Amino acid sequence: MYDDHAVPAEVLAASTAGLFDNGTTTTAITPLQAYGASYIRNSNVLRLPSGRWQYLPAGRTEPVTVEADDPGALRQIAESRAWLKLGTVPGVPGPQRDAAARALLSMRALLQPNGASTAAWHSIWKYSWPRDSSFVSAAFAHTGHSREAYQILTYNAATQRADGTWEARTKLDGSGPPDGREWQLDGNGWVPWATWQWYQTAPLDDRQARLSSLYPMIQRAADYAAGSLDAAGLPPASPDYWELGTETANIGTAAPLLSGLNSAVDLANALGRSDDAARWTIAADRLSTAISKHFAPLGYQRTVDGLHGFDSAAAFMAPPFNDAPADLPAALDTTYHALVRPNGGVVPGNDPDFDWGDVTWTPSTSFFALAWAGLAETGKAQAALDWLLSKRNLLGELPELVDGNGNPASTVPLAWTASLLLLILIQLQTHSIKTPPPAH
């Protein structure tokens with residue numbers, strides 16, 4: 001153990017550094033604890049500089065320090081490795097696969113027994129967002145961890161509001177929002193999309209029955225999304241993934257809703273619900289036309305009024321969310337170059353009303369890598385992926401932010417970034433992540 005005067009300042013740029021987990025309880029590892037330490041490979045057991053081990057035993061709420069090769073710690077290591085083998089760990093052997101295994105274990109540590117997927121284990125991140133959790137569910141689905149993917153979807157079904165929408169985030173016990181933050185409409189796109197991704201990979205023996213159980217959630221979400229479109233076919237102004245509102249429709253809401261409506265149509269058809277499919281097809285066609293008319297001429301900028309600059313959410317118009325319009329690849333290049341910063345990552349956008357500075361976001365940068373992978377622009381995707389991998393912290397965890405000096409910052413790990421890494425690796429390696437078919 002080190003005191004904070006002996007730890008380099010760049011290590012202390014983040015609030016957390018990793019996770020202990022025993023299946024029912026999660027605790028954060030501080031940067032001070034992590035300095036000089038390392039995880040035992042493919043586990044959440046920490047090897048300390050002294051050579052002793054630290055882990056969170058079953059039934060305990062605080063980690064303990066034990067001698068190396070402690071039987072309880074060895075059992076936990078074996079269990080973690082067995083869980084990884086239930087699915088696949090994507091990526092090329094070496095840094096890619098190591099990062100993927102760590103991402104999977106971190107997502108698992110952040111998943112609560114009731115299906116709440118925690119954004120990160122620190123302060124204002126210790127809640128479940130429909131958006132973030134949808135990505136985590138999709139990543140679990142595509143790595144073969146279908147149980148965890150479905151568990152998240154059932155939690156989202158349980159926390160859906162009566163009108164078919166979701167709060168921006170909920171407490172981990174599912175009891176409701178932690179504060180008065182304005183709800184966000186993009187969840188009505190993300191959750192159906194995640195359900196569609198789960199359905200593509202789910203075991204066939206009970207897939208239809210499980211989808212039927214989730215279908216009331218899909219029905220409520222899609223009906224609200226369809227009913228929210230105005231006369232022009234656009235959704236209402238709503239806070240987007242920036243957690244900031246806009247005065248006119250934004251691409252960070254419109255693109256997920258289009259993906260969600262297309263997903264809902266295909267899921268309805270899978271269950272023979274032709275009336276629902278027909279209704280949502282009309283809405284998806286209206287929204288698609290409106291995006292082409294109002295967002296495309298602006299290069300898929302943040303808002304339809306053209307007053308709020310470029311937005312990394314333009315990548316939501318690409319696979320595996322939506323079939324990319326012909327003009328999207330050029331728009332993505334323009335957007336990326338407008339948002340990239342000296343540390344090599346990108347900021348969410350360049351809205352003149354909000355300055356992100358030079359602190360970049362790993363999710364935003366990952367959007368481009370995933371979009372380019374889906375568009376078969378492998379070189380661009382690989383470059384963004386390499387940047388992401390280079391920003392893992394001293395334990396190999398992925399941060400939310402990267403500061404102006406290139407150091408991992410904010411909270412570490414972030415489940416959303418972990419899920420995006422896995423989706424990027426899978427798409428680059430196998431191109432197996434499909435896009436919901438456009439409704440016709």
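Which helix gives the most to the lining of the largest pocket? I will come to that after a word on the model. This is a predicted model, with residues numbered from 1 along each chain as its sequence is written. Local features need pLDDT of at least 70, side-chain atom pairs count only at pLDDT 80 or more, totals for chains, interfaces and linings use all residues, and side-chain values use heavy atoms, with hydrogens and water left out.

Pockets, then. A pocket here is an open set of points on a 1 Å grid over the protein atoms alone, where a 1.4 Å probe fits and protein lies on both sides within 12 Å along at least five of seven lines; lining residues have an atom within 4 Å of a point. Volume is the space filled by probe spheres set on the points, and the points are joined across faces, edges and corners.

The largest pocket holds about 400 Å³ of space. Its lining has 19 residues, and Asp 21, Asn 22, Gly 23, Glu 79 and Arg 108 are the closest to the centre. Helix 2 (71-85), helix 3 (95-110) and helix 5 are the elements that give two or more residues to this lining. Helices here are DSSP runs of H or I with at least four residues, strands are runs of E with at least two, and both are numbered from the N terminus. To answer the opening question, helix 2 gives the most, with 4 residues. By residue class the lining divides into 6 nonpolar, 8 polar and 5 charged. Nonpolar covers Ala, Val, Leu, Ile, Met, Phe, Trp, Tyr, Cys and Pro; charged covers Asp, Glu, Lys and Arg; the others, Gly among them, are polar.

The second largest pocket has about 290 Å³ of space. Of its 16 lining residues, Trp 125, Trp 129, Glu 243, Trp 361 and Glu 400 lie nearest the centre. Here the division is 10 nonpolar, no polar and 6 charged.

Next, salt bridges, meaning a side-chain nitrogen of Lys or Arg within 4 Å of a carboxyl oxygen of Asp or Glu. The count is 20. I will show three of them, with accessibility: buried is under 20% relative accessible area, exposed is over 50%, and partly exposed is in between, using a 1.4 Å probe and protein chains only.

Glu 67 pairs with Arg 52, with the closest N and O atoms 3.1 Å apart. Glu 67 is in the loop between strand 6 (64-66) and helix 2, and Arg 52 is in the loop between strand 4 (46-47) and strand 5 (53-55), so this bridge ties together parts 15 residues apart in sequence. Glu 67 is exposed at 52%, while Arg 52 is partly exposed at 33%.

Asp 223 and Arg 279 meet at 3.0 Å, N to O. Because Asp 223 lies in helix 7 and Arg 279 in helix 9 (residues 274-295), the pair ties together parts 56 residues apart in sequence. Asp 223 is partly exposed at 31%, and Arg 279 is partly exposed at 36%.

Lys 380 is partly exposed at 33%, as is Asp 333 at 23%.

There is also a network: salt bridges with shared partners join Arg 131, Asp 132, Arg 181, Asp 186 and Glu 243. Glu 243 was also listed for the second largest pocket, among the residues nearest its centre.

Last, the aromatic pairs. Rings of Phe, Tyr and Trp (its six-membered ring) pair if their centres lie within 6.5 Å; planes under 30 degrees apart are stacked, over 60 edge-to-face, and the rest tilted. The structure holds 26 such pairs. Trp 183 and Tyr 224 have ring centres 5.9 Å apart and planes at 85°, so they are edge-to-face. Trp 183 sits in the loop between helix 5 (146-159) and helix 6 (187-201), and Tyr 224 in helix 7 (residues 207-228), 41 residues apart. Trp 183 is partly exposed at 24%, and Tyr 224 is partly exposed at 27%.

Trp 198 and Tyr 199 form a tilted pair, 6.3 Å centre to centre with 55° between the planes. Trp 198 is buried at 0%, and Tyr 199 is buried at 9%.
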